[in-house]
Amino acid sequence: MKRLVLLFAAAAPLWSADLFRDDFSKLPPGWLSRPMGQLNAAIQEYHYVAHRGVDTGLWKNPIVHLDSWVVGDEEGKAYLEQHLMVDRPQWFNALFITGDEEWGEYTVEARVKPLSFGDVAGLVFRYQTNRHFFVFGLRGGNEAVLRLRLPIEDEYRIAKWKDLGAAKFDYDTRRYYHLKVENAGGRIRAYIDGRLIIDAAEAEPPKGKAGVTANMPARFMDFHVHVPDAEAGAIRKRIAAREAELTKLRAENPKPVLWKKFDTPGYGAGRNVRFGDLDGDGQVDMLFAQNLPRVRGDAFDHIQCLTAVTLDGKVLWQKGRPHESLGLLTNDTPFQIHDLTGDGKHEVVLVQDFQLKVLEGATGKLLKSAWMPPMAKDLKERPYELNSIDSIAFIDMSGKGRRSEILVKDRYRFFWIYDENLQLLWKGEGLTGHYPYPMDVDGDGREEFALGYTLWSPEGKAIFSRDKDYRDHADGISIGNYSGDPKRAPLVYACGSDEGFLLFDLKGNVLKHLRIGHAQSPSVGKYRASVDGVQLLTINYWRNPGILSLFDWQGNLLKQGEPIHSGSPILPVNWRGDGIEFAMLSGNPREGGLIDGEFRRVVMFPDDGHPDLAYAVMDLTGDARDEIVLWDQKRVWIYTQDRPFTGKRIYAPVRNPEYNESNYRTTVSLPGWREHKP
């Protein structure tokens, strides 16, 4: 990159009012990202991948799964091109962004050549998230427009915009136009080729990042952001104050230190690992699954190899032939570790070769199996006669006091309930989404469960169903009383993909529905001390990745932000043991870390060469605080705190169990305490 004076080198002398200048010549010609083959773009929903082809430095592609941007040369000068006809321009924008949220009062300019008439091609400024920003650009071959994208939609998959101005402006696709926007005190002046085109006022949001956008092919040259000297100094002070606050917060928190590490030669995997005591020694083990993708990338995976390993890297057993090419996936897979019979010994329960199987945890020996039912005749995609299963969960429907009933489901219509002897009890169907959430909501000792937008009874009856009311499936759901008042009834929370966030009572009445984008991977934890009860945090992915939304127990939106440009499981982390949890982004030492309820990165990982593809969070040392397991396809590193806990009472949250694991489940962490004995 070229001159980066203020933001990216905070200690640089204030000799220029340039915030950023780039002619794109430092980026290599070609695609700035590359599709990831059979893994498809979903790989970044719950894996950390630094980039999809080229390290773009200070630029970011916020729609990370969209391979929009290429670089080339025109008459000896570099250009950046958005080369796709974006499939749903009324819904989202291809974006290329740089800068800092503290940038304000700046002028942004670039040369723009639309290569096709249609949606807007132009400048982005005061960028908050990829659903909240200003645009000034050319549209339709005959006008210039100034617009503000608003973060909450009124209609399904239709972006909400506030139009701030438009002017007739005829243009063609054979030349570049110099677009410039001046921001000063909420006033916006937009120019083309030096001529004032639109003069408007809009105070919010007052500052933010900058960049370019186009939803049809367009080229960009000579991008430049600059400010008056006085404002440059103000930006530097705001950034310095923020960094000083982060330094203080990080110093107050334990730092991650390496506890254990081992290699996984040939049998490693991405986020396709289960945790549990397989050999009965009282210690947690890991079970890696490798998969054969079949038919297409995310619906009919077959478990090819299972490898059971202790946390010291000792292989307990292995079933199937491993291969390093089979380690990644973009979907759930049907295997769990669970004491199915209640005898104190853990089994591995899985679906493989169209059979529901139970394996001995200590050896992998097959104990029993049952064939899966036939696939429905009316399915549009029916490659096999018998069902390939997407995931497995355990529920106590019989009132035994342990979860011995087995729910298996396809993607995304049918599910089946089996008892511990693998006898089919009943089946159901609906807009099932990804993963169920069980809870005894009526106090009779037997668990109901939410799946999709339906609450099911243990007998197989729908207590309520809203499946037909929504057009996208539920990515993550939970049931609970998150208010902090034990007298309140539980509520049903759903992060419904493109339906956004939904909240129901136990009769199915809709209490909240906010279209915040493609909401998924939620977690529930005590993220803010000042807010009653616990809070729900969700992250967006498809067509608006990386946007975090924090809600209180009543579904009120507390905060939104975009600290990353990809997905993440967003797991709660009991790092300090003091009653407040953090949420984890990834293990990356620059873009990852643990964030607090204000989305500040308050714990960072050391830059020591550790893996950062996938992670899990759990107490492994026994002091109630969480360790963080980081891994990729070749190795596992485990981090703990650099200092002991010193209080008399330690936070020990109650969480949904590891035997109901899923890449899409809602991880719920409810308050709990225990006496601490050093």
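Two strands pair if DSSP finds at least two bridges between them. Strands themselves are DSSP runs (E, at least two residues), helices are runs of H or I with at least four residues, and both are numbered from the N terminus.

## What you're looking at

This is a predicted model, so to speak of ground rules: local features need pLDDT of at least 70, side-chain atom pairs count only at pLDDT 80 or more, and totals for chains, interfaces and linings use all residues. Residues are numbered from 1 along each chain as its sequence is written, and side-chain values use heavy atoms, with hydrogens and water left out.

## The chain as a whole

The protein chain has one helix and 51 strands.

Of the 678 residues, 62% count as buried; buried is under 20% relative accessible area, exposed is over 50%, and partly exposed lies in between (1.4 Å probe, protein chains only). The chain exposes about 25500 Å², with carbon and sulfur atoms supplying 49% of that. Areas come from the Shrake-Rupley method with a 1.4 Å probe, and for residues only the protein chains shown count as cover. As for contacts (heavy atoms within 4.5 Å), take the ones between residues at least 6 apart in sequence: 58% of them join residues at least 24 apart.

Start with strand β8 (residues 132–139), which runs antiparallel to strand β9 (residues 143–155) and is joined to it by seven bridges. Phe134 has Leu148 in β9 as its bridge partner. The two strands make a hairpin with three residues between them, and Gly140 in the turn has a positive phi of about 70°.

β9 also runs antiparallel to strand β10 (residues 158–168), this time with nine bridges. Here Glu155 sits opposite Ile158 in β10. This hairpin has two residues between its strands, and Arg157 in the turn shows a positive phi of about 60°.

Five bridges hold β23 (residues 355–360) and β24 in antiparallel pairing, and Lys357 stands opposite Ser369 in β24.

The other open sheet has six strands, ordered β40-β39-β38-β37-β50-β49, and its pairing is mixed. β40 (557–561) and β49 (654–655) are at the edges with a single partner strand each, so one side of each has no neighbour in the sheet. Strand β39 (residues 548–551) pairs with β40 in the antiparallel sense over four bridges, and Phe551 has Leu557 as its bridge partner in β40.

## A closer look at His224

His224 belongs to strand β15 (residues 218–226). Is His224 buried or exposed? His224 counts as buried because its relative accessibility is 10%.

The His224 side chain makes polar contacts with the side chains of Asp18, at 2.8 Å, and Arg21, at 3.1 Å. A polar contact is a pair of N or O atoms within 3.5 Å; within protein, one must be able to donate a hydrogen and the other to accept it, and residues adjacent in sequence count only if both atoms are side-chain atoms. Leaving aside residues up to four places away in sequence, His224 touches Asp18, Phe20, Arg21, Thr107, Val108 and Glu109.
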